[in-house]
Amino acid sequence: MDYSKQIKEFFKGEVLQDEATLATYSVDTSLINVRPKLVVFPKDTEDIKNLVRFVNEHRKEDPTLSITVRAAGTDMSGGPLNESIIADVSKHISGVPSVNTVTRTVKVLPGTFYRDFEKETFKHGLLLPCYPASKNLCAIGGMIGNNCAGEKTLVYGKMEDYIESLKVVFADGNEYEVRPLSRDELQRKMSQGDFEGDVYKKIYELIEQNKEAIMAAKPKVKKNSSGLYLWNVWQGEKFNLCRLIVGSQGTLGIVTEATLNLVPTKKHSLLYVIFLNDLKPVAPLVNELLKFQPESLESYDDHTLKLAIRFLPGIWKSMKAKNFLKFILSFLPEVGMVLTGGLPKLVVLAEFAGNDKDQLEETLKKVEEQIKKFHLKTHITRSPEEASKYWTIRRESFNLLRQHVHGRRTAAFIDDIVVNPEHLPEFWPKLMKLLDDYKLVYTVAGHAGSGNFHVIPLMDMKKEENHKIVIELSEKVYDLVLAYGGSITAEHNDGIIRTPYLKKMFGEKILALFQETNLIFDPLDIFNPGKKGAREIKYLKQHLVYI
């Protein structure tokens, strides 16, 4: 049913359903293609509230009617894809209303690109440290929806650790402030007798009645984006629904503003680069480096490095370096390694940061002394410009693949697995064998310090056999991950690509609690349906891309 005319009567923003727009919003950076019926660009919160009320009113006559919010569209799980209405907040609902340097907090709108947001916070010497590798492409709304994390998460944590409060439009079409509540505040909220009060009351009761099962289900890894984080809401002192809304991929409500905590930027950093010709030392090396508390501990493999060397102009452009010749010469160490033994199988980046440069250099000396026993080639960068080469390769690896590999495409489906680093000696060889059994070409990059790796195969998705591999290999890799107590997604969330595996991850009882949680917030299932629930694998198969 076409609702565009009716929506235009109350909607101040654009309402589009032309072929080009619908095609654009049928995809993100995942392997999924889902065609919407309508794309809207809300002007403000009033547009969102009115749209939610409209969908509520017409949901009974059209059970397929729903809203999925989208910002930058860089999601790798199919999270912002939907067959009904897509609401893009990046066009109008963006900006940084204020930065408070005393409380180190910032108010930000969901459509704000992180690259613009960071410029504002840097003016005050402040940083949101949970930014992902896609920091130049992603937006704040998606970062909240996915509970983002990245290279600094090792020390600073994930997005869930930085949300002071949220403004959220709930399923009744009203906007509410969501913040941590004391026990007394919670009691008052639950006694309101309205929609908001009922949400608090029912979630409190659900958690209290299932406390042991919920806490037992909490993933025992450093990072997790799977499921709904019922285990983070209530420990007896503070009741914090922000910790449930973060990572929920817009299934519980629509975030219209966020107040986020920031941290001071550090004056100095040194990057210790380690080149491995063999993957066997990865686990002990990582565990040794962790003893020195690096701020970041990242990695990328030889496939990624080859790609970077092959497309040096693209890397140079991403770095915004001025002197191309100087940039080319900076790769002489890598060229030397090729001439003396080939490209390293893995490059590990350990960043150490602080405000005392002498103390920082002393730490690096101790690190070097300990790492000697591995007999590896290493390098310490001496300037931010030199370090940026390695960081750009790490951050831009996925984009390089997307932009330059022809005939095959990036296939993000086992792209975000995580196990605790102590399990890597056993886990890593088994993972590599699974991949090699399918004779896949793939790149591996990721957050070595937290045992979180992004495995991106390159596949021709026009071939039906590759669709079968996606399903088969997902099952096998997730079984392996769960056997080592890991999570099927550390940062990229469930979306369409992983929601069918939530039962495998959490079991029937917890999955039922996720579904009950969704119904408490969203009784008519109007917010981004089909994620975080019990959607069957059949839907995933039907919507895999053929391009």
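Predicted model: local features only at pLDDT ≥ 70, side-chain atom pairs only at ≥ 80, totals over all residues.
Let me begin with a pair of side chains: Lys-189 and Glu-196 form a salt bridge, with N and O 3.1 Å apart. Both Lys-189 and Glu-196 are buried.

Helix α7, residues 183–190, and helix α8, residues 195–209, have axes that come within 7 Å and cross at roughly 120°. That angle makes α7 oblique to α8. On the α7 side the contact involves Leu-186, Lys-189 and Met-190; on the α8 side it involves Glu-196, Gly-197, Tyr-200, Lys-201 and Tyr-204.

The structure holds 29 salt bridges, and I shall take up a few others. Glu-288 forms one with Lys-373, the closest N and O atoms being 3.1 Å apart. This pair links distant parts of the chain, 85 residues apart: Glu-288 sits in helix α11, residues 282–290, and Lys-373 in the loop between α16 (357–371) and β15 (377–380).

The next salt bridge joins the side chains of Lys-345 and Asp-302, at 3.7 Å from N to O. Lys-345 lies in the loop between α15 (332–341) and β14 (346–354), and Asp-302 in helix α12 (residues 302–310), so the pair ties together parts that are 43 residues apart in sequence. Here the lysine, Lys-345, is partly exposed at 41% relative accessibility, while Asp-302 is buried at 8%.

Salt bridges also occur as a network, which links Lys-152, Lys-266, Glu-295 and Glu-351.

Glu-351 brings me to a tryptophan. Which residues does Trp-391 contact, leaving aside its neighbours within four places in sequence? They are Glu-151, Leu-271, Ser-296, Glu-298, Leu-349 and Glu-351. Trp-391 itself lies in helix α17, residues 384–404, and counts as buried because its relative accessibility is 6%.

Now to a lysine without a salt bridge. Lys-531, in the loop between α22 (508–521) and α23 (537–542), is buried, and the nearest side chain of opposite charge, Glu-83, is 8.3 Å away. A salt bridge requires a nitrogen-to-oxygen approach within 4 Å. The side chain of Lys-531 does make a polar contact of 2.8 Å with that of Asn-528. Not counting residues up to four places away in sequence, Lys-531 touches Gly-78, Gly-79, Leu-81, Gln-249, Thr-251, Gly-495, Ile-496, Thr-499 and Asn-518.

Helix α18, residues 424–437, and helix α19, residues 464–483, pack at an angle of about 175°, with their axes 11 Å apart. That makes α18 roughly antiparallel to α19. From α18 the contact is made by Phe-427, Lys-430, Leu-431, Leu-434 and Leu-435; from α19 it is made by Leu-473, Lys-476, Val-477, Leu-480 and Val-481.

Key
Residues numbered from 1 in each chain as written. Heavy atoms only, no water. Helix = DSSP H or I, 4+ residues; strand = E, 2+ residues; numbered from the N terminus. Buried < 20%, exposed > 50% of the residue type's maximum accessible area, 1.4 Å probe, protein only. Contact = heavy atoms within 4.5 Å. Lys, Arg positive; Asp, Glu negative; His and termini not counted. Polar contact = N/O pair within 3.5 Å; in protein donor to acceptor, adjacent residues only side chain to side chain. Axes fitted to C-alpha atoms, helices over the stretch in contact; angles between N-to-C directions. Parallel < 35°, antiparallel > 145°, perpendicular 65-115°, else oblique.
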